[in-house]
Amino acid sequence: MSPKFQAPRGTFDILPDEEQVRTRIESTARDLFGRAGYGRIETPVFEDTELFARSVGEATDIVRKEMFTFEDHGGRSVTLRPEGTAAICRAYLEHGMQKLPQPVRLWHLGPFFRYEAPQAGRFREFNQIGAEAIGSDSPLVDAEQIMLLDDLLRELGVPGIRLRLSSLGSIDARAAYREELKQYLRAHEPRLAREVRERIDANPLRAFDSDDEGTRAVMAEAPTMLDRLEGEDSEHFDEVRRLLDRAGVEYELDGTLVRGLDYYTRTVFEFTCDRLGAQSGIGGGGRYDGLVEQLGGSPTPASGWAAGVERIILALGEQHAAEARDVFVAAADGQRHQALALVTELRRAGLRAELDLAGRGMKGQMRQADRIGARHAVILDENGAAALRDMASGEQRELDPGRVVEEIAAARG
Ligand code: HAM
């Protein structure tokens, strides 16, 4: 019989056996960002709907069909955040961070929400680690950020990573290119999928992402923004590439790289992982030089990225082994209070210690010690005498009950 209630579609419970890998991802990120001078920021899980509509873009899939939006009891429209950049720019302005030395460098980790069709690696609630550097247009920032994400994936040991790199040019250049692309799409309209045809005006770049065969054939010949880069945009991108080349970071130039958010300008990138199948994007980002201004600030160039925690876990494919315990205290019936006192003492000494909480007999307790992977068992017999058993070798010896903590700590090495 299936249980009456299940986690909502596209969501999941995080069970204790996944705790270790999640903690490792978080602490690796914290270390990495700490070394690079990034400070942590966390913004609310919901925001004014308008913030996302304006930043992410009215014509994007995210805003059109993936936001969890509702009216609160005060009649305001609020949305569970589908991404982190908009809110971080909001916080940058709200807290007057323009007055700090620029660029302001921030990182975050937390849950995000998108109403997408669930499949492997695609959820309705998922977690992102992200980085933003607000207040510099230097190509050094682009390169440094790409290298930070590269390092994060490397330090975590994510296999089969590839980097796709492109540039969308500045806002004006991108607008001119969009017009050119719209004309190209109109000229080939009969061969395009209906969904693409319907969105020629609203979001022509999305055509590069289509799975439809006819559309793909048309897009293979389409002009890309990369072909049209000129002047300062071109110099900026060349410098980002030179910096990556010098640092030995490998990438593939890909003018068809489209990000699902409208705020990007100039450099865009995406890391993919061969292990992930259809949802191969493990992390991505780029520059968004117009966003802060769009939200009411003065012109402020910025750049950032986010990576999916669940996709990292999937890519790692780790067996989440529970951490081994140092000691299990097994006790005869009359000695259970002693067992509780002893595990408390052992825990205070920094050891991982457990006792039987299910009224098992001595044999059952030893089986439990084995099951949890305890290195040692302390056995308290009915007379209060203690013995120490090495669970791997089965060797057992008597123990002075007053010296259990020292002996276990010594045996642990
Ligand atoms: P994004 O590419 O939409 O970028 O998301 C970043 C990462 O979040 C993806 O590469 C993927 O690993 C993960 N992700 C996205 N959607 C899902 C989902 N439904 N289920 C599981 N994982 C998912 C952004 O969100 C931008 N804010 C990144 C950025 C920061 N750009 C500049 N600054």
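1. Around the ligand there are 26 residues, counted when one of their heavy atoms lies within 4 Å of it. Glu83, Glu116, Phe123, Glu132 and Tyr264 are the closest. The model is predicted: local features need pLDDT of at least 70 and side-chain atom pairs pLDDT 80 or more, while totals for chains, interfaces and linings use all residues. Numbering starts from 1 along each chain as its sequence is written, and side-chain values use heavy atoms, with hydrogens and water left out.

2. The shell around the ligand holds 9 nonpolar, 10 polar and 7 charged residues. Here Ala, Val, Leu, Ile, Met, Phe, Trp, Tyr, Cys and Pro count as nonpolar, Asp, Glu, Lys and Arg as charged, and the others, Gly among them, as polar. Strands S6 (125-134), S10 (281-287) and S11 (302-308) each supply at least two shell residues; S10 gives the most, with 6. Strands are DSSP runs of E, at least two residues, and helices runs of H or I, at least four, numbered from the N terminus.

3. Polar contacts (N or O pairs within 3.5 Å) to the ligand include a side-chain atom of Thr85, 3.0 Å from a ligand nitrogen. A polar side-chain atom of Arg259 lies 2.9 Å from a ligand oxygen, and a backbone N or O atom of Ile282 lies 3.0 Å from a ligand oxygen. The ligand alone exposes 660 Å², of which the protein buries 95% (Shrake-Rupley, 1.4 Å probe).

4. Trp305 is in contact (heavy atoms within 4.5 Å) with residues including Phe33, Ile129, Glu132, Gln145 and Phe269, leaving aside neighbours within four places in sequence.

Key: Polar contact = N/O pair within 3.5 Å; in protein donor to acceptor, adjacent residues only side chain to side chain.
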